[in-house]
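Thanks for coming, everyone. I'll walk you through one structure today, so please have a look at the screen.

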Amino acid sequence: MKNNPYLKIAICLVTIITIYLTGIPNAEAYTKKDVHNLIERKKCVNCDLSGYHFNPQKLTLNKINLHGSDLSKSNFGKMSLSRTNLSKTNLSYANLEKVESKQINFSNSDLTHADLKGGKFIKTNFTKANLVKANLSYSVLNSCDFNHANLSEANLINATLNDVNLSHVNLSKA
């Protein structure tokens, strides 16, 4: 029985299924307390919501303060984020695809590798934001401020920029 290949395969499969069902390693790093604060208090400053999937049917993020929060690898796809404070947040690898926004504050935020494809950003503040390798393709950017932002290696294919401040912006390899 020691050399039974089927037994080894069965043990391996049981181990993999157990790890998957118990969530080890836990891919969802956000804390339930922080999610509760966001939903109940409509703000969550310096929270850990990394990896959280925001559902536009269950939650609105308009006029929410998320200053200084960890939102890395979170999914905001198709959300409305008008007048949301996301300053000094970690949004690296976040999905912001097809987000519709007006007057978001992304100043001093890390949007490295973030996916903003097809988003509509109006009067959005990207001052001193890090957008290295961010995907802004097919996005509409109207009256946005990118002063001192880092857009090196960002994907700007078919992006529409109207009345955008690009003062002191790093656009190398973009």
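Start with cysteine 144. Buried or exposed? Cysteine 144 has a relative accessible area of 2%. Buried means under 20%, so cysteine 144 is buried. Keep in mind that this is a predicted model.

Now two other cysteines. Cysteine 44 and cysteine 47 form a disulfide. Their sulfur atoms sit 1.7 Å apart. A disulfide is a covalent bond between the sulfur atoms of two cysteines. A search of the whole structure turns up 1 disulfide. What is its handedness? The torsion about the S-S bond of cysteine 44 and cysteine 47 is about -100 degrees, so the disulfide is left-handed. Both cysteine 44 and cysteine 47 are buried.

Let me step back to the whole chain. The protein has 174 residues, and 37% of them count as buried. There are 2 helices and 4 strands. Reading from the N terminus, the order is α-α-β-β-β-β. The exposed surface comes to about 10100 Å². Carbon and sulfur atoms supply 52% of that. Next, contacts in sequence terms. Take the contacts between residues at least 6 apart in sequence: 2% of these join residues at least 24 apart.

On to the core. The largest nonpolar core has 39 residues. Which of them touch the most other members? They are Phe54, Phe76, Phe126, Leu131 and Phe146. Look at phenylalanine 54.

Next, a strand residue. Serine 101 lies in strand S1, residues 100-102. Its relative accessible area is 4%, so serine 101 is buried. What does serine 101 contact, leaving aside neighbours within four places in sequence? Leu81 and Ser82 are on the list.

Now charges. Side chains of opposite charge can pair when their charged atoms come close. The structure holds 1 salt bridge. Lysine 133 pairs with glutamate 153, and the closest N and O atoms are 3.9 Å apart. Lysine 133 is in the loop between strand S2 (120-122) and strand S3 (140-142), while glutamate 153 is in the loop between S3 and S4, so the pair ties together parts that are 20 residues apart in sequence. Lysine 133 is partly exposed, at 39% relative accessibility. Glutamate 153 is partly exposed too, at 38%.

Tyrosine 93 has a phi near 60 degrees, a positive value in a residue other than glycine. Find tyrosine 93 in the loop between helix H2 (32-41) and S1. Tyrosine 93 counts as partly exposed, at 48% relative accessibility. Then there is serine 143. Its phi is positive, about 55 degrees, although serine 143 is not a glycine. Serine 143 lies in the loop between S3 and S4. At 31% relative accessibility, serine 143 is partly exposed.

Last stop, the surface. Which residues form a nonpolar patch there? Leu161, Leu166 and Leu171 do, with about 230 Å² of accessible area together. Leucine 166 sits in the segment after strand S4 (160-162). Leucine 166 counts as partly exposed, at 37% relative accessibility.

That's my tour. Over to you for questions.

Key
Residues are numbered from 1 along each chain as its sequence is written. This is a predicted model: local features need pLDDT of at least 70, side-chain atom pairs count only at pLDDT 80 or more; totals for chains, interfaces and linings use all residues. Side-chain values use heavy atoms; hydrogens and water are left out. A disulfide is a pair of cysteine sulfur atoms within 2.5 Å. Buried means under 20% relative accessible area, exposed over 50%, partly exposed in between (1.4 Å probe, protein chains only). A nonpolar core is a set of buried Ala, Val, Leu, Ile, Met, Phe, Trp, Tyr and Cys residues joined through side-chain atoms within 4.5 Å. Patches are made of residues with over 30% relative accessible area and no salt bridge: like charges are joined within 9 Å, nonpolar side chains (Val, Leu, Ile, Met, Phe, Trp, Tyr) within 5 Å. Accessible areas come from the Shrake-Rupley method with a 1.4 Å probe; for residues, only the protein chains shown count as cover. A salt bridge is a side-chain nitrogen of Lys or Arg within 4 Å of a carboxyl oxygen of Asp or Glu. Contact means heavy atoms within 4.5 Å.
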